[in-house]
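Please work through the following exercises with the sequence and the model open beside you. Each task is followed by a solution that goes step by step.

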Amino acid sequence: MMNFQACSNTISNLFYVCFVLLPTMALGDCTCDTIEATKSDSIEVLHYKIGSIASVLVAGALGVSLPLLSKRIPTLNPKNDIFFMVKAFAAGVILATGFVHILPEAYESLTSPCLKENPWGKFPFTGFVAMLSSIGTLMVDSFATGFYHRQHFNPSKQVPADDEEMGDEHSGHIHVHTHATHGHAHGSAVSSEGSITSDVIRQRIISQVLEIGIVIHSVIIGISLGTAGSIDTIKPLLVALSFHQFFEGMGLGGCISQAKFESKSMAIMATFFSLTTPIGIAIGMGVSSVYKENSPTALTVEGIFNSASAGILIYMALVDLLAADFMSPRLQKNLKLQLGANISLLLGAGCMSLLAKWA
């Protein structure tokens with residue numbers, strides 16, 4: 001009887017190893033249909049998600065609004081050196097968001113074992129899509145700038161030469177005469193004004209394209225939090241996303257404030273940015289019962305959108321934010337400001353990279 005029981009135990013153990021343990025080990029790389037073993041109380045999870053909507057909304061609104069209050073807070077005025085360093089810090093945050101947060105997530109999604117080997121495993125789609133989105137951003141940047149220049153600086157639309165009230169103004173150019181004793185120079189009063197207008201147009205394009213890249217990513221990370229089913233997953237995500245939205249908001253707010261939009265346009269852009277992640281969280285909460293984060297469709301869509309978003313943010317941070325400011329005469333002539341801006345850039349990139357440990 002004892003031998004039979006021992007034999008029975010041996011067979012049951014062998015059955016367990018062969019049909020339960022080994023298949024689990026073999027399929028460990030692809031947990032497409034698995035459900036988390038430990039589930040927190042659904043009501044408590046719901047409370048945390050609602051709290052995360054409020055927290056992320058406030059953090060994003062505060063971050064994007066601070067630079068827009070530059071008229072009332074002199075320290076945040078774009079002409080102030082402190083604002084220059086804050087903008088470098090925010091640019092570092094956006095750059096780290098693209099390189100450290102979004103690009104690895106996109107790579108992980110598009111190389112998941114839950115996707116078919118052909119074509120996803122045979123071609124580096126992550127880098128390819130990021131490259132295409134960077135080139136696309138460059139094209140949009142270039143064509144939009146050219147369009148605005150043709151619209152606003154078209155010679156045929158300037159003041160006619162026979163306008164008597166303008167005196168010596170010809171085709172929109174005012175010649176200023178002063179002799180050597182009283183000074184003499186031939187110049188164009190419109191040229192300086194035109195350069196200011198051109199800079200404003202450039203900043204408007206930058207802020208709009210930058211917001212597109214940030215918004216795409218914000219919705220995706222919001223859905224990720226909204227579909228999370230564990231409090232242990234939500235807590236670090238909540239903290240990381242709050243800081244994430246605050247710093248990204250400061251970078252976007254700085255661009256919007258320099259673009260000199262009308263108050264209504266600035267309010268719309270700031271509100272749109274503030275609401276995207278909370279809306280993403282709400283969408284995630286709504287589809288959490290049917291959403292499978294490891295399904296081929298979800299992985300493909302998330303991976304492609306994250307890759308495109310990373311390409312946009314990396315291009316905008318390096319070309320339109322950092323290169324434009326770091327190569328400007330204002331920075332080149334001021335060693336103290338140059339050192340401060342570089343340190344701020346490293347701090348911003350470092351702080352945002354550190355958050356990748358949790359989210």
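**Exercise 1.** Is Phe128 buried, partly exposed or exposed?

Solution. The model is a predicted one, in which local features need pLDDT of at least 70 and side-chain atom pairs count only at pLDDT 80 or more, while totals for chains, interfaces and linings use all residues. Residues are numbered from 1 along each chain as its sequence is written, and side-chain values use heavy atoms, with hydrogens and water left out. Buried means under 20% relative accessible area, exposed over 50%, and partly exposed in between, with a 1.4 Å probe and protein chains only. Phe128 has a relative accessible area of 34%, so this residue is partly exposed.

**Exercise 2.** Describe the aromatic pairs that involve Phe123.

Solution. A pair of aromatic rings is described by the distance of the centres and the angle of the planes. Rings of Phe, Tyr and Trp (for Trp, its six-membered ring) pair if their centres lie within 6.5 Å, and planes under 30 degrees apart count as stacked, over 60 as edge-to-face and the rest as tilted. The whole structure holds three aromatic pairs. In one of them, the ring centres of Phe123 and Phe125 are 5.1 Å apart and the planes stand at 65°, so this pair is edge-to-face. Phe123 also pairs edge-to-face with Phe128, at 5.4 Å centre to centre and with 80° between the planes. Ring pairs join Trp120, Phe123, Phe125 and Phe128 into a cluster. As for accessibility, Phe123 is partly exposed at 38%, and Phe125 is partly exposed at 22%.

**Exercise 3.** Summarise the protein chain as a whole.

Solution. The secondary structure consists of eleven helices and zero strands. Of the 359 residues, 37% count as buried. Among contacts between residues at least 6 apart in sequence, 80% join residues at least 24 apart.

How values were computed
Helices (H or I, at least four residues) and strands (E, at least two) are DSSP runs, numbered from the N terminus. Contact means heavy atoms within 4.5 Å.
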